Amino acid sequence: MFFLTKFMKPMQPYILVLYYSKYGSTKEMAHLIANGVESAGMSVKIRTVPNIAPAVTIAEPSIPEEGDIYCTLDDLANCAGLALGSPTRFGNMASEMKYFWDQTTSLWLNGALHNKPACVFTSSGSMHGGQESTLLTMLPPLFHHGMMILGLPNAIPALSNTKTGGTPYGASHVSGPRHDQNLSQDEKILCEAQGKRLGEIAKKLLD
Ligand SMILES: Cc1cc2nc3c(=O)[nH]c(=O)nc-3n(C[C@H](O)[C@H](O)[C@H](O)COP(=O)(O)O)c2cc1C
């Protein structure tokens, strides 16, 4: 026992940035949010969730061939804070992300996420296509898990200046009908600001 405690490295606190993305916009936002987290001096883990394949197709490999790796329940349980992102799907989160949360009962039972800070972000095809409803409907699982929810304060000028995405409920991006619209400068600023705020608050809670 003494040997173990002497030589085992304590786990470094980290923020989990967990997202699903089909066309890449939400993934880009996740990486900008991670930059913001790191600018607050916190470590970060970026994780995604697999596509949901119909039963008739071959299951995906457990490690993706490219890109960010899939989130485990341990990744979620051990985080010091969470940024959760999903594309807007009919005004709601993607079923891939909902499926992941439906597997978190063990964490709910032992209160693994109690009192940890969390925020949400999304990407949609159109400007008024349901970003806010997606962000708000991503929150109930986090409330059930006892997390503390952070939005984006209006003190950040980009929130008032933006002509596309960006809401008080969380960062957002309008990707256009062909998913080919780049993140605007204001959308990028808001992603990084959201990550920074999450990192700073997680750090204060750990002190
Ligand atoms: C099944 C489905 C439903 C969608 N529903 C909406 C919607 O309700 N509102 C909207 O603006 N865009 C909708 N979209 C478009 C995506 O939200 C948009 O392309 C988003 O930027 C994709 O994010 P990604 O690049 O991270 O995959 C939908 C796309 C799919 C495939």
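A polar contact here is a pair of N or O atoms within 3.5 Å. The model shown is predicted.

View 1. A polar backbone atom of Tyr23 is 2.7 Å from an oxygen atom of the ligand. For Ser25, a polar backbone atom lies 2.8 Å from an oxygen atom of the ligand. How much of the ligand's area does the protein bury? The ligand exposes 650 Å² when taken alone, and the protein buries 81% of that.

**View 2. The shell around the ligand.** There are 18 residues around the ligand. Those that come nearest are Ser21, Thr26, Thr88, Ser123 and Ser175. By class, the shell has 13 polar, three nonpolar and two charged residues. Helix H2 and strand E4 each supply at least two residues of this shell.

**View 3. Thr26 in helix H2.** Thr26 sits in H2 and is among the residues that come nearest to the ligand. Its relative accessible area is 1%; the cut-off for buried is under 20%. Thr26 therefore counts as buried. Beyond its neighbours within four places in sequence, Thr26 is in contact with Tyr19, Tyr20, Ser21, Gly85, Ser86, Pro87, Phe121 and Ser123.

**View 4. Gln131 in helix H6.** Gln131 belongs to H6, which covers residues 131-137. Is Gln131 buried or exposed? Gln131 counts as buried because its relative accessibility is 4%. Residues up to four places away in sequence aside, Gln131 touches Thr88, Thr122, Ser124, Gly165, Gly166, Thr167, Ser172, His173 and Val174.

**View 5. Helix H9 and its cover.** H9 spans residues 185-206, 22 residues in total. From first C-alpha to last, H9 reaches 32 Å, close to the 32 Å expected at 1.5 Å a residue. Which residues of H9 are buried? They are Glu187, Leu190, Cys191, Ala193, Gln194, Gly195, Leu198, Gly199 and Ala202. An α-helix has 3.6 residues a turn, so residues three or four places apart point the same way. The cover over the buried residues of H9 includes strands E1 (14-19), E3 (81-87), E4 (117-124) and E6 (172-174). Helices H2 (25-39) and H8 (157-161) are also part of that cover.

Methods:
Residues numbered from 1 in each chain as written. Predicted model: local features only at pLDDT ≥ 70, side-chain atom pairs only at ≥ 80, totals over all residues. Heavy atoms only, no water. Helix = DSSP H or I, 4+ residues; strand = E, 2+ residues; numbered from the N terminus. Expected span 1.5 Å × (residues − 1). Buried < 20%, exposed > 50% of the residue type's maximum accessible area, 1.4 Å probe, protein only. Contact = heavy atoms within 4.5 Å. Near = heavy atom within 4 Å. Polar contact = N/O pair within 3.5 Å; in protein donor to acceptor, adjacent residues only side chain to side chain. Areas by Shrake-Rupley, 256 points an atom, 1.4 Å probe, with all protein chains shown as cover. Nonpolar A, V, L, I, M, F, W, Y, C, P; charged D, E, K, R; others polar.
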